[in-house]
Amino acid sequence: MRMTKNSPGIRLNKFLSLCGIASRRKCEELISEGRIAVNGSIVTDFATYVQYQDRVTLDGEKISPQQLIYLLLNKPAGYITTLNDERQRKHIGLLLPKKVFVKPVGRLDKNTTGVLLFTNDGELHYRLTHPKYRIPRIYRVELDRPFDEKQAAVITEGVRLNQREIARGKVLKSRLVKKHSWLILELREGLNREIHRMFKVLGYRVLALERVSYGGIQAESVKQGDWRYLQAAEVRKLKELCGIV
């Protein structure tokens, strides 16, 4: 949604999200803290509506809705998931278009390849990464030895990583290639280094890892190291998955 002179008013928290400030939930915290003003007056009511001509500020600085951007990078190995790096390591910011300000949706380890989404849509970013929305991520996993099919049920039920974390997933397909196994695995929570840690508990070593899709969005013809903007239908699909209407 883009505000124009003829647009109806929208709720303040949604307006802030359109400005790329944060998710709507975080924006509501900013409102509660008295950091948002409309036409010079501090506003603490979430139900406040703003119009195109209104002047909205955060900590005294004017903010405006930005053009929402959604793109996909087919991440190659050897790049860390950060937009800049003081240690001069290779990072994904080097692979993105210039003067496009977006955040990665989740992370991929340095040597993990595949689909990495980016957006400046604060609300969508929040929902795509929050475990409660259970957005499906599909991975291709190479293991160092034959996979015991009985452990597929263990993965579905949950593999305890520590006292607080349990990794759960679904093995969609597996095949043996020489002495290695290749699995297609679906996850929906996104714990830190979840796949490596899960298979280590089960007695395997992950040799290669590729994210095939995120929320159904695939790299398809995008070469590793290249990017593309998401199509309007893909953005709608992601919003539907997240319950954004």
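Trainee: Where is E220 placed, and what is the value of its phi?

Mentor: E220 belongs to the loop between β16 (217-218) and β17 (227-229). Its phi is near 50°, a positive value in a residue other than glycine. Please keep in mind throughout that this is a predicted model.

Trainee: Is E220 buried or exposed?

Mentor: The term exposed requires over 50% relative accessible area. E220 counts as exposed because its relative accessibility is 66%.

Trainee: How many residues of helix α3 are buried?

Mentor: A general point about helices comes first. An α-helix has 3.6 residues a turn, so residues three or four places apart point the same way. In the present case, α3 (residues 122-129) is mostly covered, with seven of its eight residues buried. The buried residues of α3 are G122, E123, L124, H125, Y126, R127 and L128.

Trainee: How should I read the overall fold of the chain?

Mentor: Begin with the inventory of elements: the protein chain has six helices and 17 strands. Its C-alpha trace spans about 70 × 35 × 35 Å along the principal axes. Of its 245 residues, 47% count as buried. Then consider sequence separation: among contacts between residues at least 6 apart in sequence, 63% join residues at least 24 apart.

Trainee: Which residues of the largest nonpolar core touch the most other members?

Mentor: This core has 32 residues, and those touching the most other members are V141, F147, I155, L185, I195, M198 and F199. Two or more residues each come from β7 (70-75), β9 (113-119), β10 (137-143), α4 (151-157), β14 (180-187), α5 (194-202) and β15 (206-214). Helix α5 supplies the largest share, four residues.

Trainee: What does I195 touch, not counting residues up to four places away in sequence?

Mentor: I195 touches Y139, V141, L185, L187, V206 and L209.

Trainee: How is a pocket to be read?

Mentor: Rolling a probe the size of a water molecule over the atoms shows where empty space is left. Here, the largest pocket has a volume of about 360 Å³. Its lining comprises 21 residues, and R107, Y139, G190, L191 and R211 lie nearest its centre. The elements giving two or more residues to this lining are β10, α5 and β15.

Trainee: How many residues of that lining are nonpolar, polar and charged?

Mentor: The lining divides into eight nonpolar, six polar and seven charged residues.

Trainee: What should I examine in a buried loop residue?

Mentor: Consider its position, its accessibility and its contacts in turn. L108 is found in the loop between β8 and β9, and L108 is buried because its relative accessible area is 5%. Leaving aside neighbours within four places in sequence, L108 is in contact with K75, T81, T113, G114, V115, L116, Y139 and R211. L108 and L209 are 101 residues apart in sequence and 9.6 Å apart in space, C-alpha to C-alpha.

Trainee: Where is I92 found, and is it buried or exposed?

Mentor: I92 occupies the loop between β7 and β8 (103-104). With 0% relative accessibility, I92 counts as buried. Beyond its neighbours within four places in sequence, I92 is in contact with residues including L73, K75, Y79, I80, P104, L116 and F118.

Trainee: Which strand contains N74, and what is it in contact with beyond neighbours within four places in sequence?

Mentor: N74 lies in β7 and, at 7% relative accessibility, counts as buried. Leaving aside those neighbours, N74 is in contact with G114, A219, V222, K223, Q224, G225 and D226. N74 and V212 are 138 residues apart in sequence and 9.5 Å apart in space, C-alpha to C-alpha.

Trainee: What does the side chain of T48 reach?

Mentor: T48 lies in the loop between β3 (41-42) and β4 (49-50). Its side chain reaches the backbone oxygen of D45 at 2.9 Å. Apart from its neighbours within four places in sequence, T48 is in contact with I10, R11, L12 and V43.

Notes. Residues numbered from 1 in each chain as written. Predicted model: local features only at pLDDT ≥ 70, side-chain atom pairs only at ≥ 80, totals over all residues. Heavy atoms only, no water. Core = buried A, V, L, I, M, F, W, Y, C linked by side-chain atoms within 4.5 Å. Buried < 20%, exposed > 50% of the residue type's maximum accessible area, 1.4 Å probe, protein only. Contact = heavy atoms within 4.5 Å. Polar contact = N/O pair within 3.5 Å; in protein donor to acceptor, adjacent residues only side chain to side chain. 1 Å grid on protein atoms, 1.4 Å probe; cavity = no way out; pocket = protein on both sides within 12 Å on 5 of 7 lines; lining within 4 Å. Points joined across faces, edges and corners; volume = space filled by probe spheres on them. Nonpolar A, V, L, I, M, F, W, Y, C, P; charged D, E, K, R; others polar.
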